[in-house]
Amino acid sequence: MKIKVIESVLKANDAVAQANRARLDAAGVLALNLMSAPGSGKTTLLEKTIPALVPQRCAVLVGDLQTTRDAERLDGIAAEVVQINTGTGCHLTATQVAAGLTSLDLSGIDYLFIENVGNMVCPAAFDLGEHLRVALLSTPEGSDKVAKYPTLFQPADAILLTKVDLSAILDFRSRKVYEDLSRVNSRAVLLELSAQTGLGMEPWVTWLRQQRCEHAGVAAARRAQPPGRGGGALETEELPRPAHAGPDLSQRGSL
Amino acid sequence: MSIALSLVEQLQRLAAEHQAVRITEVEVRCGVLRQVAPAALELAFTAATAETVAAGANLKVIEEGLVARCRACGTEFATEIDDYSCPTCQQADVEFVAGHDIVLTAVVCETPDR
């Protein structure tokens, strides 16, 4: 007997991802999925970003194959941190994130950062229920990574060029990155920063606040009722646009 | 491996729905955007189906090319994984129409009366 079907193999993951998103929306939490190679600076970025967002409250779900080292680094900085060890899994799944969400008190959180497993291929294929995707590319990785791993950068809402304080001692050609991005993703906001020195952190934090404002407005409209806890001040806050933001490539590239 | 495990869950559900005792062939359409190497999926499929109703089944992987739609001007165009520039407006801001999913398309199974 031959059974003809048309059914996405990933639909089970996607269904859980949708449920995660609905749960986050109901709690008024903006969720961001951070994806990049190992060592590109995701944890350091969060160590410096979370204090800059105060009084907004942040939680982190950290994905790694082994150890709780990243969670330990973020303990005391984020309101809540949950380490997810994937064993041999090279990416987070929506089910793992759903399990992580059960450990968090979402009513006390404004931002959820999901620090995906360091990997430039598989994480991009799995919706976790996030609202926004952020891809990091650090200068020591080299300027050819957008062309080599386009599927990571294509769906990103923001692309962060990290460790730019090292660009002077590296043969990093930012122009090559911008040229490749013009073929892969002209929609994303591109920001250059160094979490270590603080260079470029302000536009990043401004972008995050802006996204939360917009998300709070959309979520409130979805609920068709007045905005709830924690969002009132932000919803009326006027914020400047981050530097380097927007699709105009002539604005990109100061390295 | 998680793709193979999801596939096995689907196969077990389909087998139960059709009272199948054994699945002998499975056909999957793989979009190039998913970057799944057919040989790797076959290997993972063999491991994931062990001791299931689909153990020993032949897996056929059909690769599907990428078709994008420009969000800026609406043009639909066939493209490659490393270049999403719209041929009409040159923006690289697309959503995918084809080649972005992994889809189970056909299953051949044995039922008790066969």
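1. In which sense do strand β3 (residues 58-64) of chain A and β4(A) pair, and over how many bridges? They pair in the parallel sense, over six bridges. To find the spot in the viewer, look for A:G63, which stands opposite A:I84 in β4(A). One thing to keep in mind while you look around: this is a predicted model.

2. Now zoom out from that pair. β3 and β4 of chain A belong to an open sheet of seven strands, and the pairing is parallel. If you walk across the sheet, the order is β4-β3-β5-β2-β6-β7-β8 (chain A). β4 (80-85) and β8 (189-192) of chain A stand at the edges with a single partner strand each, so one side of each has no neighbour in the sheet. From one strand to the next, the twist averages 20°.

3. There's a helix to look at here too. Helix α4 (residues 94-102) of chain A packs on the sheet, where it touches β3, β4 and β5 (111-115) of chain A. Its direction makes about 145° with that of β4(A).

4. For chain A as a whole, the secondary structure comes to nine helices and eight strands. The chain has 255 residues, and buried ones make up 48% of them. Take the contacts in chain A between residues at least 6 apart in sequence: 75% of these join residues at least 24 apart.

5. What about the nonpolar core? The largest one has 74 residues, and the members that touch the most others are A:V60, A:L112, A:I114 and A:I159. A:L112 is a handy one to click on: leaving aside neighbours within four places in sequence, A:L112 is in contact with A:L24, A:V29, A:A31, A:A59 and A:L61. There's also a second, separate core of 24 residues, which includes A:V9 along with B:A20, B:C30 and B:L41.

6. Next, the place where the two chains meet. The contact takes 26 residues from chain A and 31 residues from chain B. On the chain A side, the elements giving two or more residues are β1 (2-8), α1 (11-27), α6 (150-153) and α7 (174-184). β1(A) gives the most to that side, with seven residues. Sorted by class, the side of chain A that touches chain B has 12 nonpolar, nine polar and five charged residues.

7. Is β1(A) well covered or hardly covered? Hardly covered: among its seven residues, the count of buried ones is zero.

8. Chain B has a sheet of its own to trace. It is an open sheet of three strands in the order β4-β3-β5 (chain B), with antiparallel pairing. The edge strands are β4 (76-79) and β5 (94-98) of chain B, and each pairs on one side only. Ignoring direction, neighbouring strands of this sheet are turned by 40° against each other on average. Strand β3 (residues 66-70) of chain B and β5(B) pair in the antiparallel sense over four bridges, and B:V67 has B:A98 as its bridge partner in β5(B).

9. A few backbone details I'd point out. In chain A, the peptide bond from A:V54 to A:P55 is cis, with omega near 20°. You'll find A:P55 in the loop between α2 (42-52) and β3 of chain A.

10. Chain B has residues with a positive phi that aren't glycine, including B:Q19, where phi is near 50°. B:Q19 lies in the loop between α1 (2-17) and β1 (22-31) of chain B. Is B:Q19 buried or exposed? It counts as exposed because it has 11 other C-beta atoms within 10 Å, and the cut-off for exposed is 12 or fewer.

11. B:E51 goes in the notes too: phi is positive there, at about 60°, although B:E51 is not a glycine. B:E51 lies in the loop between α2 (38-49) and β2 (58-64) of chain B. With 6 other C-beta atoms within 10 Å, B:E51 is exposed.

How values were computed
Residues numbered from 1 in each chain as written. Chains lettered and ligands numbered in written order. Predicted model: local features only at pLDDT ≥ 70, side-chain atom pairs only at ≥ 80, totals over all residues. Pairing = 2+ DSSP bridges. Axes fitted to C-alpha atoms, helices over the stretch in contact; angles between N-to-C directions. Contact = placed C-beta atoms within 7 Å. Nonpolar A, V, L, I, M, F, W, Y, C, P; charged D, E, K, R; others polar. Core = buried A, V, L, I, M, F, W, Y, C linked by C-beta atoms within 7 Å. Buried ≥ 20, exposed ≤ 12 C-beta atoms within 10 Å, placed from the backbone.
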